[in-house]
Amino acid sequence: MKKSSAFIMLVPGLVILLVFLAFPLLKVLVPSMFEGEYPFSSYLEFLQDSYYMKIFLRTVRIAVITTLICMIGGIPTAYFISRCSKKWRGLLLAASIFPLMTNSVIRSFAWINILGSNGIVNRFLMILGLVEKPMKLLYTDFAIIIGSVYLFLPLMIVTVTGVMENIDDDMMEAAESLGATRLEAFMKVIFPMSLPGIIVGGILVFTGTLTAYTTPQLLGGNSNMVMSTLIYQRAMSVGDWNGAAVVALIMIILTLAVIKGFNKLAAGLDKRGENYA
């Protein structure tokens, strides 16, 4: 296909992106850049405000912890699924994806019943005599992380499985025949070859956690605000759209920085130095 023909086929998609994404985004972001005494003064004020920085750091911390947990749980699970027969692989993938078929609000309310003062966890702990009174599990960072892991772990599993199932079993056998243990063979052969799926899955989980609204709002409450709930508060409750735009642009920059960081990390782990996202 000629380059000119390929470009013509991209034109409709580019027009849609410009009209429905780029222009509205610029209309919201540009005024925030020139609000105040000098350009970007609103952003400087945000970075100097201890309250906003606390929310920013909490959001990043929750996203990082959620991503790490999803990687630790998702990579071994994906490897197990990828080595099953096609019949069991389909069933296990369907079971992994099943939580995504339920509305996020319903899933969050389910965790409220599990983590609440009269929830399953506290009742179980009190029956065992491990605690005398209900623990504060709900409306904490812990609750947000638990809900986020439940929400985004399927994305990690499916993404990594799609890459691992294309890796031939002979690769492991060849490494083991050269004296490597099964764990060493996995870390030195399977893991580097799975980096494209791991990087993409990590980015999906991190950005999803970073921008999620429903789960942090229902499980964290107003006392554990994150960037997404801060945007809603500034725009809908206070009517400060420029303030909301400041938060939004900072989140966009953070997302781009994370993607770049993931690629650098992958280049360090995989000596081929490829970009995966």
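The model is predicted, so local features need pLDDT of at least 70 and side-chain atom pairs count only at pLDDT 80 or more, while totals for chains, interfaces and linings use all residues. Residues are numbered from 1 along each chain as its sequence is written, and side-chain values use heavy atoms, with hydrogens and water left out. The protein chain has 13 helices and 0 strands.

**Overall fold**

- From the N terminus on, the elements run α-α-α-α-α-α-α-α-α-α-α-α-α; helices (H or I, at least four residues) and strands (E, at least two) are DSSP runs, numbered from the N terminus.
- The C-alpha atoms fill a box of roughly 70 × 70 × 30 Å, taken along the principal axes.
- Of contacts (heavy atoms within 4.5 Å) between residues at least 6 apart in sequence, 69% join residues at least 24 apart.

**Surface and charge**

- Of the 277 residues in the protein chain, 40% count as buried; buried means under 20% relative accessible area, exposed over 50%, and partly exposed in between, with a 1.4 Å probe and protein chains only.
- The protein chain exposes about 16,200 Å², and carbon and sulfur atoms supply 69% of that area; accessible areas come from the Shrake-Rupley method with a 1.4 Å probe, and for residues only the protein chains shown count as cover.
- There are 21 positive and 16 negative side chains, and the centres of the two sets lie 4 Å apart.
- Lys and Arg count as positive and Asp and Glu as negative, while His and the chain ends are not counted; the place of a charge is NZ of Lys, CZ of Arg, CG of Asp or CD of Glu.

**Aromatic pairs**

- A search of the whole structure finds 6 aromatic pairs; rings of Phe, Tyr and Trp (its six-membered ring) pair if their centres lie within 6.5 Å, with planes under 30 degrees apart counted as stacked, over 60 as edge-to-face and the rest as tilted.
- One of them is the tilted pair of Tyr51 and Tyr52, at 5.6 Å centre to centre and 55° between the planes.
- Tyr51 counts as partly exposed because its relative accessibility is 44%, whereas Tyr52, at 19%, counts as buried.
- Trp111 and Tyr150 form an edge-to-face pair, 5.8 Å centre to centre with 75° between the planes.
- This pair links distant parts of the chain, with Trp111 in helix H5 (residues 104–115) and Tyr150 in helix H7 (residues 141–164), 39 residues apart.
- Tyr150 is partly exposed, with a relative accessible area of 34%.
- Phe46, Tyr51 and Tyr52 form one aromatic cluster.

**Ser41**

- Ser41 lies in helix H2 (residues 41–48) and is buried, with a relative accessible area of 2%.
- Apart from neighbours within four places in sequence, Ser41 is in contact with Glu35 and Gly36.
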